[in-house]
Amino acid sequence: MVEFNRFKLDNGLTVIHHLDASTPIACMNILYDVGARDEHPENTGFAHLFEHLMFGGSINIENFDEPLQRVGGENNAFTNNDITNYYLTLPVENIETAFWLESDRMLSLAFSEKSLEVQRNVVIEEFKQRYLNQPYGDVWLLLRPLAYKVHPYQWNTIGKEIRHIEEATMDQVKSFFHTHYHPSNAILVVAGNISLDKVKDLSQKWFGPIPGRAKLKRQLPLEPKQNEARVLDVQRKVPSDAIYCCWHMCSRLDKAYHNFDLLSDVLSNGHSSRLYQTLVKEKEIFSEINAYVSGDNDPGLFVISGKPRNGISLELAEQHIMEEVEKIKTILVDDRELQKLKNKAESVFIFSNMNVLNKAMNLAFFEWLGDANGLNVELEKYRNITAENLLETASQFLVDSNKSTLYYRASND
């Protein structure tokens, strides 16, 4: 049980406090309700660009990292299709420095041409290194537009193409900031050995004066139901062939989400999982294979990916994958296997909430989903899953007409 307090400032900022007296470290986490899905199709990559710009100096603070490091702190951030999350840790006695730094960049970035140019070049270089010049780096640049035809999940967080970042203007950057970076679009979590009264006082002092703005009401296009199998066949200069099969699944908030998550564990969670035991160890079809869910807020993807052994064609590899998928669609998972999977899920979940940073991030995430207390009832959702639930979910969604397949072939050149 992770205990917490919640309050809201007049400008709309949601603040969550978690007392953890066991650590001398305090954590501040700010989740902004903006991700790649909020971008215009011709101006993608902006959410990720902003993750970088937020470290480029704000109206009163030229360098974000330097004052934080002087008081023993460190920080980082990440962006995905749904959210942008900033987090830092520092000695609890220096927590006011965190309030000062984070409130100032929420108030206003410096918006200098120099900062934009520097961060633009950083992002472009990241695009090239991680997605274009790295083996298998462009997989999701190919797979997303194969699976999604209407919804903005059709592009990756890095963006559709480098050109969108190269051509980003200062006016576009300022508009994106003012639309998404403001109190009512953010969730602030403070965790550590710090009292609720102090968090209230510091929140009011540093964040209270920031003007409130109306939260954007999303009107994202709904992805239509996929009614026929899709296949994309590409060649790349990579060490070996790879295959990616994905099916549309439900959203993170749907009651079936946890069924999908456990189904991925049935197939691929450790060396005792079905895909490893059957296709890697026994039949020696794959050298590696995995199953996972995208975990998106809107309807996401259930994915099986793997690299066949030398001499095994992608077509044969896919056939063996589908044989295993057919089993989970037609044969109930036995009680022993199901309980083992639930125990694993429980241990991973409990371990993930042991340190103060993870608790802060998880409280922010579940508050964003609708209620921070969801963190405390999440395990019960896994415990309540039955073998019949798994079979029903698999048989409904893991069908050929809902499947997109990427054949990623190693070039002979």
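## Basis of the description

In what sense do β9 and strand β10 pair, and over how many bridges? The pairing of β9 with β10 (residues 301–308) is antiparallel and runs over seven bridges, where two strands are taken to pair if DSSP finds at least two bridges between them. Helices (H or I, at least four residues) and strands (E, at least two) are DSSP runs numbered from the N terminus.

The model is predicted, so that local features need pLDDT of at least 70 and side-chain atom pairs count only at pLDDT 80 or more, while totals for chains, interfaces and linings use all residues. Residues are numbered from 1 along each chain as its sequence is written, and side-chain values use heavy atoms, with hydrogens and water left out.

## The open sheet

Five strands, in the order β7-β11-β8-β10-β9, form an open sheet of mixed pairing. Because β7 (230–236) and β9 (286–293) stand at the edges with a single partner strand each, one side of each is left without a neighbour in the sheet. Neighbouring strands are turned by 10° against each other on average, direction ignored; axes are lines fitted to C-alpha atoms, for helices over the stretch in contact, and angles run from 0 to 180 degrees between N-to-C directions.

## The largest pocket

The largest pocket is lined by 46 residues, of which Asn-80, Tyr-257, Val-293, Ser-294 and Gly-295 lie nearest its centre. A pocket is an open set of points on a 1 Å grid over the protein atoms alone, where a 1.4 Å probe fits, with protein on both sides within 12 Å along at least five of seven lines, and lining residues have an atom within 4 Å of a point.

Helix α13 gives the most to this lining, with six residues. By class, the lining of the largest pocket has 18 nonpolar, 17 polar and 11 charged residues (Ala, Val, Leu, Ile, Met, Phe, Trp, Tyr, Cys and Pro count as nonpolar, Asp, Glu, Lys and Arg as charged, and the others, Gly among them, as polar).

## The second largest pocket

The second largest pocket is lined by 18 residues, with Glu-223, Lys-225, His-248, Met-249 and Pro-299 nearest its centre. Its lining has nine nonpolar, six polar and three charged residues.
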